[in-house]
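Please keep the sequence and the three-dimensional view at hand while reading.

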Amino acid sequence: MTTKGTAALSQKVAFITGGASGIGAALSESLTAAGAQVWIADRQFDVADQLAQRLRSAGARAHAVALDVRDPAAFEAAVAEAVQTSGRLDYLFNNAGIGIGGEVDSLTLEDWTDIIDVNLRGVIHGVRAAYPVMIGQGSGHIVNTASMAGLITTSAQAGYSATKHAVVALSKTLRVEAASHGVQVSVLCPGVVRTPILSGGEYGRNRNVSRENLLKLGEALRPIEPGQFAEQALRGVLRNQAIIVVPRWWKALWYLERLSPTLSMRTAAVALKRTREAASAPLQ
Ligand SMILES: NC(=O)c1ccc[n+]([C@@H]2O[C@H](COP(=O)([O-])OP(=O)(O)OC[C@H]3O[C@@H](n4cnc5c(N)ncnc54)[C@H](O)[C@@H]3O)[C@@H](O)[C@H]2O)c1
């Protein structure tokens, strides 16, 4: 990031859910490198703690918090502890998420409950915990992680896509409302980033395709590294962009969706064909 960007983050306090792995871990690293203090909140507490220790040994201010975003009271308590200890809250990164893939006829009710609880309710719980604090301060920035799956027609991931569309909708509405309170809201829409979620993540799963074949499908979509993603995403956050698409080339598919939903659905049908081929390919 530029020196100007780095300076803007210095001394800021950020709370990052899903901060132990992938995008959340990379955001934590970039934020601390820019001088921010981070609260790394994750269901995988040991992994979050190891990251916080590593960042502290490099001179950063980093705390690990055990948090399951599905628990609203725990979320509120964790944010309250961060605010009490650090004195304020400048950023909430509502980033924890899971992937549950599979065609609709293969998804169980438990799959639907899990994905909605983590990817949508988790974000709602974060907003409910942090927004009143930020309104009270008259400042703050809520950054929700959705996905390109929240902007375009997808294939074999209806549950995931439904939650991510909901996160985009929530973020846009909240952004409009929050402005008069001095609070900013952005939504991150990653394309494909090389993290464990490409095969579901620690708590996700895929119903139709083996982990190995999923990783192959992901690689075909030219994933970027989490560190690269975090740098570019934070640039968008500092510019207070509403919808931040990284890598930028994915914007072409977003434009296609708006220009011609029919063509976008045809593109999704081609992707579905590839996923079905991967599902019937020998297990690797
Ligand atoms: N990697 C990609 O290609 C990609 C693309 C689009 C969107 N995203 C989104 O980015 C976000 C981060 O994903 P990632 O790619 O870094 O995956 P990841 O699996 O590396 O990280 C997700 C983190 O969330 C945590 N988590 C899961 N459920 C939780 C819960 N209930 N409470 C607290 N923490 C929980 C996991 O322990 C993990 O540390 C997710 O919201 C994901 O949907 C990722």
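The sections below treat the basis of the model, a strand and its core, the ligand shell, and some individual residues.

## Basis of the model

The model is predicted; local features need pLDDT of at least 70, side-chain atom pairs count only at pLDDT 80 or more, and totals for chains, interfaces and linings use all residues. Residues are numbered from 1 along each chain as its sequence is written.

UniProt, in an unreviewed entry, lists residues 12-196 as "domain: Ketoreductase". UniProt positions are given in the numbering used here, feature names are shortened, and annotations may be inferred rather than shown by experiment. This span is 49% helix and 19% strand, and its end C-alpha atoms lie 28 Å apart. Helices (H or I, at least four residues) and strands (E, at least two) are DSSP runs, numbered from the N terminus.

A residue is buried if 20 or more other C-beta atoms lie within 10 Å of its own, exposed if 12 or fewer, and partly exposed in between, with C-beta atoms placed from the backbone. Val13, Phe15 and Thr17 point one way from β1, while Ala14 and Ile16 point the other way. β1 pairs with strand β2 (residues 37-42) in the parallel sense over 5 bridges; two strands pair if DSSP finds at least two bridges between them. Ile16 has Ile40 in β2 as its bridge partner.

The largest nonpolar core has 72 residues, and Ala14, Phe15, Ile16, Ile40, Val79, Leu89 and Ala130 touch the most other members. Such a core is a set of buried Ala, Val, Leu, Ile, Met, Phe, Trp, Tyr and Cys residues joined through C-beta atoms within 7 Å. Helix α5 gives the largest share of this core, 8 residues. Beyond its neighbours within four places in sequence, Ile40 is in contact with several residues, among them Ile16, Ala48, Leu51 and Val65. Two residues are in contact if their C-beta atoms, placed from the backbone, lie within 7 Å.

## The shell around the ligand

Around the ligand there are 32 residues, of which Gly18, Gly22, Gly97, Ile197 and Gly201 come nearest. A residue is near a molecule if its C-beta atom, placed from the backbone, lies within 6 Å of it. The elements that give two or more residues to this shell are α2 (22-33) and α5 (109-137). The largest share, 3 residues, comes from α2.

By type, the shell holds 14 nonpolar, 13 polar and 5 charged residues. Here Ala, Val, Leu, Ile, Met, Phe, Trp, Tyr, Cys and Pro count as nonpolar, Asp, Glu, Lys and Arg as charged, and the others, Gly among them, as polar.

## Backbone exceptions

Most residues other than glycine have a negative phi, and most peptide bonds are trans. The peptide bond from Val246 to Pro247 is cis, with omega near -5 degrees. Pro247 is placed in the loop between β9 (243-246) and α9 (251-259).

Arg222, in the loop between α7 (211-220) and α8 (226-238), has a positive phi of about 50 degrees. Arg222 counts as exposed because it has 12 C-beta neighbours inside 10 Å. Asn240, in the loop between α8 and β9, has a positive phi near 55 degrees. Asn240 is partly exposed because 13 other C-beta atoms lie within 10 Å.

## Ala268 in helix α10

Ala268 lies in helix α10 (residues 261-280). With 18 other C-beta atoms within 10 Å, Ala268 is partly exposed. Leaving out residues up to four places away in sequence, Ala268 touches Thr153, Thr154 and Ser155.
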